Amino acid sequence: MKKLTGVLTAGMMMLGVSNYATAANNEVYLYTWTEYVPEGLLDEFTKQTGIKVIVSSLESNETMYAKLKTMGKDGGYDVIAPTSYFVSKMAREGMLKNLDHTKLPVIKELDPKLLDLPYDKGNKYSLPQLFGATGIAYNTESQDPSKFQSWADLWSPDFKGTLQMLDDPRELFNIALLKMGKDPNTQDPEVLKSAYEELLKLRPNILSFNSDNPASSFISGEAELGLLWNGSARIAKNEGAKVDMVYPKEGTILWVDNLAIPSTAKNTENAYKLINYLLSTDVSEKLTLNIGYPTANLTALKRLPKALTEDKATFLTQEVIDRSQWQVDVDNAIDLYDSYYQKLKAAK
């Protein structure tokens, strides 16, 4: 889902733009997370419409944002998959088209609980695809979950040098701010400074930072305790890992990966067709079965096996959701988050 990486060079960002500028009517350019397009998922779309989908792998919201900024009016993509807090950021900066809901009949199939959320009231710019949250993952054979029912428990000296953290500044500050009883979406410099000081106390417990494929460490046994996204936990379980999740008493941070149309898109009509397809019942069911993240499509949800939907690590209970908060854009304060985060990673 969300991964902070270094900004790509301008030259790398411009790859493929010249080809895109001459895109034909039978093409559509999709920029999404690699695991969200498993093999064969788009075959039926091309068969039905005659439209070829050119897919680019999205490494992080930050890279996507920087890439689109560099491309400017020449564009580069017709459909993108920003996470909730980046929808609000990009909409505010004029980077997303206003959606014509009359061209998106798939809306009626979507879960009302995932519509009209704080990051995009009225779904003017995006439609939800997959729902996610961050929890404490643990090896069920070597760890006692009663020892980490609160975010504060991760600060225990018992966990020195054992924790895998997600490589994302917001994720780390989220847990510190929740531990402190503060708003995880704060823009207050003094509060962020205090949260950084709390994270410095946690630093001796951190073994690694991993957002590229965080499930892999739990699958291999390299990590036995740390942060994971709910879909990553399901991936680990599917690979036979003895893993489960705890969502602490303070609640967690909720997010949605969405589909949106950049303001620079050239193949807008094809973009609408692709969004309707990707959010449709059959495709949504197939995707959730493949990667675990709960789909926004209600009919697809009803089709899923109970072994998946009753897995409380992947499909959060309403009680957990009610005590949690949605992650939203923090505007220019993100620079302060990132500055502190880089200092934290460099600390020993």
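A residue is termed buried when its relative accessible area is under 20%, exposed when the value is over 50%, and partly exposed in between (1.4 Å probe, protein chains only). The structure is a predicted model, in which local features require pLDDT of at least 70 and side-chain atom pairs count only at pLDDT 80 or more, while totals for chains, interfaces and linings use all residues. Residues are numbered from 1 along each chain as its sequence is written, and side-chain values rest on heavy atoms, with hydrogens and water left out.

Helices (H or I, at least four residues) and strands (E, at least two) are DSSP runs numbered from the N terminus. Helix α5 is mostly covered, with eight of its nine residues buried. These are Ser84, Tyr85, Phe86, Val87, Ser88, Lys89, Met90 and Ala91. Contact is taken as heavy atoms within 4.5 Å; the elements covering the buried residues of α5 include α4, β3 (79-80), β4, α6 and β9 (253-260). After α5 comes glycine 94, with a positive phi near 75°. In helix α9 (residues 230-238), the buried residues are Asn230, Gly231, Ser232, Ala233, Arg234 and Ala236.

Aromatic pairing was examined next. Rings of Phe, Tyr and Trp (its six-membered ring) pair if their centres lie within 6.5 Å, and planes under 30 degrees apart count as stacked, over 60 as edge-to-face and the rest as tilted. The structure holds 14 such aromatic pairs. In one of them, tyrosine 65 and phenylalanine 86 have ring centres 6.0 Å apart and planes at 70°, so the pair is edge-to-face. Because tyrosine 65 belongs to helix α4 (residues 61-71) and phenylalanine 86 to helix α5 (residues 84-92), the pair ties together parts that are 21 residues apart in sequence. Tyrosine 65 and phenylalanine 86 are both buried. The rings of phenylalanine 209 and tyrosine 341, with centres 6.1 Å apart and planes at 90°, therefore also form an edge-to-face pair. This pair links distant parts of the chain, since phenylalanine 209 is in strand β6 (residues 206-209) and tyrosine 341 in helix α15, 132 residues apart. Phenylalanine 209 and tyrosine 341 are both buried. Elsewhere, ring pairs join Tyr36, Trp229, Trp255 and Tyr293 into a cluster.

Charged groups also lie against aromatic rings. A charge is assigned to a position over a ring if NZ of Lys or CZ of Arg is within 6 Å of the ring centre and within 35 degrees of the ring normal. The charged end of lysine 345 sits over the ring of phenylalanine 209, 5.4 Å from its centre. Lysine 67 places its charged end over the ring of tyrosine 31, at 5.1 Å from the ring centre.

Two packed helices are described by the angle between their axes and the distance between the axes. Axes are lines fitted to C-alpha atoms, for helices over the stretch in contact, and angles run from 0 to 180 degrees between N-to-C directions. Helix α6 (residues 169-179) packs with helix α15 (residues 334-346) at an angle of about 90°, and the axes are 9 Å apart. Angles under 35 degrees count as roughly parallel, over 145 as roughly antiparallel, 65 to 115 as roughly perpendicular and the rest as oblique; α6 and α15 are therefore roughly perpendicular to each other. The contact involves Pro169, Arg170, Leu172, Phe173 and Leu177 of α6, together with Ile334, Tyr337, Asp338, Tyr340 and Tyr341 of α15. By class, eight of these residues are nonpolar, none polar and two charged, where Ala, Val, Leu, Ile, Met, Phe, Trp, Tyr, Cys and Pro count as nonpolar, Asp, Glu, Lys and Arg as charged, and the others, Gly among them, as polar.

Individual residues were considered last. Threonine 32, in strand β1 (residues 27-33), counts as buried because its relative accessibility is 4%. Threonine 32 touches Val37, Val55, Ser56, Ser57, Leu58 and Ala81, not counting residues up to four places away in sequence.

Most residues other than glycine have a negative phi. Aspartate 116, although not a glycine, has a positive phi of about 60°. Aspartate 116 lies in the loop between α5 and β4 (126-139) and, at 40% relative accessibility, counts as partly exposed. Aspartate 331 has a positive phi near 55° and is placed in the loop between β10 (325-326) and α15. With a relative accessible area of 29%, aspartate 331 is partly exposed.
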